[in-house]
Structures are given as structure tokens and as C-alpha cells.
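Subject: A model for you to look at

Hi,

Here is the structure I promised to pass on. Please open it alongside this note, and my findings follow below.

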Amino acid sequence: MSKIITPELITQLLQGALLPVAGAVGQSIVMIGREWINYWKMKNAVCIGEKAKEYLKQRGITDETQVRALTAKFGVLFLQGASVEDEPSLQDLWAKLLANALDPNYNSRDLKPIFFEIIKTLDPNDVKMLNQIYLLAQKIEIWGTPDITQKLIYIAPIRESLGFSDDEGLLSFQSLSKVGCITSSVKVKQKELAYSSTNSLGQKQILDVYLSLGDQAFFLTMLGVKFINACIV
């Protein structure tokens with residue numbers, strides 16, 4: 001008989017993902033398990049499981065036979081990060097990432113290991129700014145290009161719409177830049193290298209020339225878009 005998806009079942013799926021590597025890492029995995037199964041971490045994990053269950057329910061996924069098996073790598077990385085997160089807005093990111101990992105209809109190739117590090121790096125203000133950037137970028141219309149990463153975003157209206165101070169806006173801008181979700185560099189031209197017209201294969205050497213926009217404007221990166229789709233929207 002199929003099981004209804006519950007936070008406890010999701011917890012079991014995560015624990016089950018660790019079993020294949022138990023022999024490889026020996027006592028280390030036991031230590032990870034012991035650390036994780038303390039009250040505070042368990043409370044965080046169950047809370048995130050509740051949220052993930054609701055996201056899956058909204059997609060019509062309600063029993064165990066409908067979910068995709070989690071890999072050992074995902075289980076380890078997820079538990080290490082999610083079980084120590086007690087900020088509700090950041091738990092939402094972990095829950096959406098988990099729901100997408102379990103959803104067989106979500107492209108698993110879009111779930112990158114770096115997402116775990118990004119979530120652990122961000123704070124609630126960073127998440128608000130990234131979400132606002134994405135919403136604004138979708139509204140910007142550029143003739144001839146539907147590519148959201150080609151849309152120039154100015155930080156001032158984002159900061160003002162969120163009620164952030166100059167310092168708060170700058171800190172979030174720098175955080176999002178550091179994790180690679182946005183970039184203030186734009187390629188302006190290609191230049192042939194003067195000192196070497198060809199390489200060993202007889203090909204011309206071309207140098208991409210980039211211009212920095214400073215902290216006033218930026219673009220979403222492809223990594224940023226994939227992260228938003230997996231963990232925020």
C-alpha cells in the first residue's frame with residue numbers, strides 16, 4: 001500500500017539516501033546522524049519537511065510512489081545545511097529545493113550542488129532582493145531577446161521598493177554577487193590580442209573585454225536564474 005507523504009516520510013527518505021554511503025564513510029556517517037538527530041535539528045528538519053509536503057501537495061504529489069528517489073549526495077548535503085536552519089524564510093528555500101528534488105517532473109539537471117552553499121550564505125534580506133530582482137527582470141521588455149540574463153537591473157529601485165537602507169541594499173548586492181547570482185560585469189567587445197595573432201593551431205587569439213557597472217546596476221546570471229527557479233519561485 002502506498003504511503004501518504006508526511007514530514008516523517010521525507011525524513012525517512014533523507015535518512016535512506018545516506019544508507020548507500022554508510023560503508024564508504026564508516027563511523028563518520030554515524031557521527032553526522034547522531035549530530036542531526038538532536039532535538040533542534042530534528043525540529044528544523046520536520047518543519048522543512050512540512051513545507052515541502054505542502055509544495056508537493058500543490059502539485060498533486062501525495063504518496064510515496066509518486067516521488068523521485070533522493071541520491072546519497074543530495075541527502076548528505078541537504079541534511080548538513082537544512083537541519084541547522086531555523087529562519088522561516090530560509091527554511092522555505094530548503095523546502096522548495098527538497099520538493100523539486102522529490103518531484104519527478106522537475107529537471108534534476110537543474111539542481112546544482114552549489115545551491116546548498118548559496119542558501120547557507122544568504123540572509124532574509126538577500127532572498128527578498130533576489131526575488132524582487134527576478135520579478136522586475138520579468139517585467140522589463142527588450143526587443144529581440146527573451147533572455148532574462150540580458151536585462152540590465154538598477155539597484156536603486158530594488159532597494160527603494162524593499163525599504164532597504166543604502167547599506168542594506170549594498171550588503172545584499174555584494175552577497176548576491178559573491179555567490180554568483182548576479183554580476184555587474186558586461187562584455188562590451190572582443191579584441192584581437194596584439195602580441196600574438198594566432199595560437200598553436202593557427203587560430204586568432206581573441207580577448208573578451210568586460211566593463212564593470214560598479215554597484216549601481218547588474219544582470220542576473222544563469223546560475224541565479226536556475227537557483228531562483230529551484231529554491232524561490
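In helix 8 (residues 124-139), the buried residues are Asp126, Val127, Met129, Leu130, Ile133, Tyr134 and Ala137, where buried means under 20% relative accessible area, exposed over 50% and partly exposed in between, with a 1.4 Å probe and protein chains only. Seen down the axis, these residues fall within an arc of 165°, so they line one face of helix 8; the arc is that of the directions from the helix axis to the C-beta atoms. Helices here are DSSP runs of H or I with at least four residues, numbered from the N terminus. Helix 8 has 16 residues and reaches 23 Å from its first C-alpha to its last, close to the 22 Å expected at 1.5 Å a residue. That expected span is 1.5 Å times one less than the number of residues.

Before going on, a word on where the numbers come from. This is a predicted model, in which local features need pLDDT of at least 70 and side-chain atom pairs count only at pLDDT 80 or more, while totals for chains, interfaces and linings use all residues. Residues are numbered from 1 along each chain as its sequence is written, and side-chain values use heavy atoms, with hydrogens and water left out.

Next comes helix 4 (residues 39-58), whose 20 residues should span 28 Å; the end C-alpha atoms are 29 Å apart, which agrees. Its buried residues are Lys41, Asn44, Ala45, Ile48, Gly49, Ala52, Tyr55 and Leu56. They cover an arc of only 135° around the axis, which puts them on the same side of helix 4. An α-helix has 3.6 residues a turn, so residues three or four places apart point the same way. On the face turned away from the buried side sit the exposed residues Tyr39, Lys43, Lys57 and Gln58. After helix 4 comes Gly60, with a positive phi near 85°.

Ala52 is separated by 8.5 Å from Ile10, 42 residues apart along the chain; Ile10 lies in helix 1 (residues 7-18) and is buried at 2% relative accessibility.

What about the aromatic rings? Rings of Phe, Tyr and Trp (its six-membered ring) pair if their centres lie within 6.5 Å; planes under 30 degrees apart count as stacked, over 60 as edge-to-face and the rest as tilted. By this rule there are six aromatic pairs. One of them, Phe115 with Phe227, is edge-to-face, at 5.5 Å centre to centre and 70° between the planes. Phe115 lies in helix 7 (residues 114-121) and Phe227 in helix 11 (residues 222-231), so the pair ties together parts that are 112 residues apart in sequence. Phe115 is buried at a relative accessible area of 0%, and Phe227 is buried at 0% too. Ring pairs also link Phe74, Phe78, Trp94 and Phe116 into a cluster.

I hope this is a handy start.

Best wishes
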